[in-house]
Amino acid sequence: MNKISKVSDFKKLSAGDEVQFSGAIYTGRDQAHKKLVEILKAGKKMPLDLRGKIIYYCGPTATRPGHKIGSCGPTTSQRMDKLTEPLLKAGLSAMIGKGRRAKSVRLACKKYKSVYFLSPGGCGALLAERVTSKKIIAFSELGPEAIQKLEVKDFPLIVAIDTKGKSIYSDL
Amino acid sequence: MNLMNTKKLKSEVEKIVAESSFCIRKDVFKLLKKAYRLEKKLKPKNALKLIIDNAVIAKKKSLAICQDTGLPIIFLEVGKNISVNSKIIEAIKLSVERAYKKNYLRPSIVDAVKRGKSSYTGALLHIDFVSDLKGMKIALLPKGFGCENKSQLRMFNPTVDISEIEDFIISVVKKAGPEACPPFVVGVGIGGTSDTALLLAKKAFLGRIDCLNKDKDLRLMEKRLLKRVNLLKIGPMGLGGSTTALAVKIAKAQTHIAGLPVGVNISCHALRSAFINIKL
């Protein structure tokens, strides 16, 4: 299993590679995507600069006292498909989720040199152990759907779509 | 007629909320471990290992097996020697809500049109009166939407061949794909009306999944379907291998001469659920 911590190394990865990532990832799912795309369309100031960032399709459970985070596995990526390209265009480097993507996402990964990773679905308790800190960045009113910055250590990922637009799955 | 001890009922309901979210069912865990043992391909074997490790961590740390702690669905079976009224129903729903909060589960319920901020309020409840039952049975099925979104209903003609129904079920599993968190448990409801077929598909999850169906026709169908599902080679995380489903469970009901509704519901590998048996 390859350890990886630099976003600039993502271009070396190929579909099917298994890696453990350490560094910062940002949670963001349905409602956060909708809001980010609206802000981009309106040309307003973004709550975070997407360049070089990794978005994690995840809405964790509440955090128990004494814990770093609650259960925090991936949600279905498919629902973000239509809202993905504008974020890649704004500089987003990678996405983490579960399941297949639309052809448009695969082609956009190639165009913008971005990667789509899988994290193990339904393994939120195991993944919580790999999170060392969390901080709300935007949209706190969305509760579990807020954008949070997570620092992760050895977060298990599989490359599902690489920067050449190659995928381990067939397109949705 | 016996009246329920509401205080005791509330604490029992709170217990199964925690149990369903933190502890994997014994029958499900048994089949997951069997799938891991039998898997020969490295990637799906590793994915099954993560699923098993996750279940161990969740139980030990009282952390939710999955962050999608679901829309809680309560199934009540009420026997003839017990009196149940709206007060009891409200007490059950409130206990579920309270236990979700107390156990740091995710507020995932919203108004269907307004959306807005999610909360813990809105558990669903189905009730059946069972004449040969004494006491009451409560089952809690917190349904995550990664797999719920893959549900399908088809209204077949009454002259349809069983093989066409089986093709439909296979097509639903194929469409569910990696995003619904395989290996699945596939629930099927055959008969009734459109609504009952889908409800039966969920009720099919409530019995043990490592036991054979008592109905011979359904037992043979389940066997054929499980074999075909596993030939799809979707596998854990969609990484292939020999286990796409742990089990196929079918329930049936009387239906109309003019039709044949078939509902299919997919459960992820966790099949979260827990049960109370109140004897009175």
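How many residue pairs are in polar contact across the interface of chain A and chain B? The rule finds 21, counting pairs with both residues at pLDDT 80 or more. A polar contact is a pair of N or O atoms within 3.5 Å; within protein, one must be able to donate a hydrogen and the other to accept it, and residues adjacent in sequence count only if both atoms are side-chain atoms.

Some ground rules. This is a predicted model, where local features need pLDDT of at least 70, side-chain atom pairs count only at pLDDT 80 or more, and totals for chains, interfaces and linings use all residues. Residues are numbered from 1 along each chain as its sequence is written, chains are lettered from A and ligands numbered from 1 in the order in which they are written, and side-chain values use heavy atoms, without hydrogens and water.

Now the interface. Chain A brings 42 residues to the contact, and chain B brings 39. Contact means heavy atoms within 4.5 Å. Together the chains bury about 3000 Å², with 57% of it on carbon and sulfur atoms. That buried area is the accessible area (1.4 Å probe) lost when two parts are put together, summed over both. On chain A's side, Arg64(A), Arg100(A) and Leu126(A) supply 18% of the area buried against chain B, more than any other three residues.

Next, charges. There are 2 salt bridges across this interface. A salt bridge puts a side-chain nitrogen of Lys or Arg within 4 Å of a carboxyl oxygen of Asp or Glu. Arg100(A) forms one with Glu179(B), and their closest N and O atoms are 2.6 Å apart. Over all chains, the whole structure has 29 salt bridges.

Where does Arg25(B) sit? Look in the loop between helix H1 (6-22) and helix H2 (26-38) of chain B. Helices are DSSP runs (H or I, at least four residues), strands likewise (E, at least two), numbered from the N terminus. Is Arg25(B) buried or exposed? Its relative accessibility is 9%, so Arg25(B) counts as buried. The cut-offs: buried is under 20% relative accessible area, exposed over 50%, partly exposed in between (1.4 Å probe, protein chains only). Arg25(B) also meets Asp27(B) in a salt bridge at 2.8 Å, N to O. A polar side-chain atom of Arg25(B) lies 2.9 Å from the backbone oxygen of Gly207(B).

Last stop: strand E10 (residues 245-252) of chain B. Of its 8 residues, 7 are buried, so the strand is largely enclosed by the rest of the structure.
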